[in-house]
Amino acid sequence: MNKLSSTSLARLKGVHPDLVRVIKRAADTTAVPFLVVEGLRTMERQKQLKKIGASTILNSRHITGHAVDLVPLIDGKVSWHWPHFRKLAPFIRAAARAEKVPLEWGGDWKRFPDAPHWQLPRNLYK
């Protein structure tokens, strides 16, 4: 069983409670530990990310607290390798199902795949 670090917990402040429940359950059940890299985001931060090409939009779900970025920890170190995100994804999806929370993964996006990104659907969470 894994636990979220104090850093990860702090980064969940301001995030929608349904998404927080999913992330906490995932942390308790995953075989792939992870770090919450970012939760709630300011417009200033979003503009910076768009400017450097890390995002293509300004109306990010992070700004409203409806998204988080998660990164797998492999041997205690952050990994940005897609195969590690793909190993983590089933645990996040299972936690969302268990909590009965609809969830979208940026890793499924065709236009701009975003492996760390998980969000509550726009059409269900305004």
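## Report on a predicted single-chain model

Thr64 is located in the loop that joins α3 to β2, where helices (H or I, at least four residues) and strands (E, at least two) are DSSP runs numbered from the N terminus. With a relative accessible area of 46%, Thr64 is partly exposed; buried means under 20% relative accessible area, exposed over 50%, and partly exposed in between, with a 1.4 Å probe and protein chains only. Thr64 and Gly14 are 50 residues apart along the chain, and their C-alpha atoms are separated by 8.4 Å.

The model is predicted: local features need pLDDT of at least 70, side-chain atom pairs count only at pLDDT 80 or more, and totals for chains, interfaces and linings use all residues. Residues are numbered from 1 along each chain as its sequence is written, and side-chain values use heavy atoms, with hydrogens and water left out.

**Overall architecture**

Four helices and five strands make up the secondary structure of the chain. Their order along the sequence is α-α-β-α-β-β-α-β-β. The radius of gyration of the chain is 14 Å, close to the 14 Å that the globule rule gives for 126 residues, so the chain is as compact as a globular protein of that length. This radius is taken over C-alpha atoms, and the globule rule is 2.2 Å times the number of residues to the power 0.38. Along the principal axes, the C-alpha atoms fill a box of roughly 35 × 30 × 30 Å.

Of the 126 residues in the chain, 44% are buried. Among contacts (heavy atoms within 4.5 Å) with a separation of 6 or more, 62% join residues 24 or more positions apart. The chain exposes about 7,200 Å², of which carbon and sulfur atoms supply 57%; these areas come from the Shrake-Rupley method with a 1.4 Å probe, and for residues only the protein chains shown count as cover. The chain carries 22 positive and 10 negative charges, whose mean positions are 2 Å apart. Lys and Arg count as positive and Asp and Glu as negative, while His and the chain ends are not counted; the place of a charge is NZ of Lys, CZ of Arg, CG of Asp or CD of Glu.

**The nonpolar core**

In soluble globular proteins, nonpolar side chains tend to be buried together. A nonpolar core is here a set of buried Ala, Val, Leu, Ile, Met, Phe, Trp, Tyr and Cys residues joined through side-chain atoms within 4.5 Å. The largest such core has 28 residues, and Ile23, Phe34 and Leu70 touch the most other members. At least two residues of this core come from each of α2 (17–29), β1 (34–38), β2 (67–74) and α4 (82–99). Residues up to four places away in sequence aside, Leu70 touches Ile23, Phe34, Leu35, Val36, Phe85, Leu88, Ile92, Pro116 and Trp118.

Val22 lies in helix α2 and counts as buried because its relative accessibility is 0%. Beyond four places in sequence, Val22 touches Ile92, Ala95, Ala96, Glu99, Val101 and Leu103. Val22 and Asn123 are 101 residues apart in sequence and 19 Å apart in space, C-alpha to C-alpha.

Gln46 belongs to helix α3 (residues 43–51) and counts as buried, at 0% relative accessibility. Its contacts, apart from neighbours within four places in sequence, are Arg41, Ser55, Ile57, Leu58, Ser60 and Ile63.

**Exposed positions outside helices and strands**

| Residue | Location | Relative accessible area |
|---|---|---|
| Asp75 | loop between β2 and β3 (77–78) | 76% |
| Lys100 | loop between α4 and β4 | 73% |
| Arg111 | loop between β4 (104–105) and β5 (117–119) | 72% |
| Leu124 | segment after β5 | 55% |

Asp75 is not a glycine, yet has a positive phi of about 55 degrees. Lys100, also a residue other than glycine, has a positive phi near 60 degrees. Arg111 and Trp80 are 31 residues apart along the chain, with 19 Å between their C-alpha atoms. Leu124 and Pro102 are 22 residues apart in sequence, and their C-alpha atoms lie 8.4 Å apart.
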